[in-house]
Amino acid sequence: VLFRSVETFEEAVPLGGGPRVLLTTKGPYRSSDGTLLGTFGIARDISARKAQEQELAGNEERFRLAQEGARMGTWDRDLDTGETTWSAGLRELYGVGPDYPAGVAHFSELLDPDDRESVTRDLLRAYADGSDLEFECRIVRPDGGLRWLLCRSSTLKNEQGRPVRFLGVAVDITERKLAEEELARSEETLRLAQAVTGLGAWSWNIDTNELTWTPGLYEIAGLD
């Protein structure tokens with residue numbers, strides 16, 4: 001094949017030790033008067049690099065699937081440039097697409113109004129002083145859905161001890177929070193029922209030999 005212009009491309013070539021991937025540059029070879037005489041070619045074996053790229057892609061896909069299964073996501077903020085990256089899993093939690101901008105200001109827009117001021121303040125303080133952070137918060141997704149998140153972050157420092165990156169992970173704990181709220185409602189309903197009817201209750205943990213009384217039973221027994 002005669003090439004009339006210089007082209008660079010990757011090609012798989014079967015060799016004795018197995019297929020190899022080459023980064024090849026080919027182009028026309030001409031005489032001094034411009035007559036096309038043939039084609040020159042330069043090839044570099046990039047098989048190792050391609051294998052690493054494929055392994056990295058596989059690892060990234062496995063990590064993406066793990067985040068989806070665990071209902072979690074991650075973020076990475078470069079403290080020098082101010083650039084923040086959200087993982088696909090985090091965007092799924094937030095209910096936003098790949099075009100939604102990342103960063104504290106845009107995360108703040110998703111926060112429940114009752115959590116917005118305190119969470120934003122704590123995040124900015126952690127960015128400024130390089131401290132680790134853990135908090136629970138509520139977000140309101142663009143579709144109106146409410147989610148509870150448990151967020152943890154830590155700071156990476158350079159050799160001089162200066163914070164350079166802020167890494168974080170967020171986990172959806174909505175089901176746990178709803179279960180806690182339902183349990184609290186049930187306990188309050190039981191307490192009110194016991195107060196109205198003058199009843200009390202107790203429980204005994206056989207393994208620990210621990211005996212627990214409800215407030216109603218303390219009141220019946222005349223104990224504080």
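**Strands and aromatic rings**

Within strand β8, L167 is the bridge partner of D76, and L167 is also the bridge partner of S154. This is a predicted model, in which local features need pLDDT of at least 70 and side-chain atom pairs count only at pLDDT 80 or more, while totals for chains, interfaces and linings use all residues. Residues are numbered from 1 along each chain as its sequence is written, and side-chain values use heavy atoms, with hydrogens and water left out.

Strand β4 (residues 72-78) pairs with β8 in the antiparallel sense over seven bridges, and strand β7 (residues 146-157) pairs with β8, again in the antiparallel sense, over nine bridges. Strands here are DSSP runs of E with at least two residues, and helices are runs of H or I with at least four residues, both numbered from the N terminus; two strands pair if DSSP finds at least two bridges between them. β7 and β8 form a hairpin with five residues between them, and G161 in the turn has a positive phi of about 85°.

How many aromatic pairs does a search of the whole structure find? The search finds four, where rings of Phe, Tyr and Trp (its six-membered ring) pair if their centres lie within 6.5 Å, and planes under 30 degrees apart count as stacked, over 60 as edge-to-face and the rest as tilted. The ring centres of W86 and Y94 are 4.9 Å apart with the planes at 80°, so this pair is edge-to-face. W86 counts as buried at 8% relative accessibility, and Y94 is buried with a relative accessible area of 2%; buried means under 20% relative accessible area, exposed over 50% and partly exposed in between (1.4 Å probe, protein chains only).

Y127 and F166 form an aromatic pair that is also edge-to-face, at 4.5 Å centre to centre and with 90° between the planes. Because Y127 lies in helix α4 (residues 113-129) and F166 in strand β8 (residues 163-172), the pair ties together parts that are 39 residues apart in sequence. Y127 counts as buried at 12% relative accessibility, and F166 counts as buried at 0%. Ring pairs also link W86, Y94, Y100 and F107 into a cluster.

Turning to another ring, K177 lies over the face of W148, at 4.4 Å from the ring centre; a charge sits over a ring if NZ of Lys or CZ of Arg is within 6 Å of the ring centre and within 35 degrees of the ring normal.
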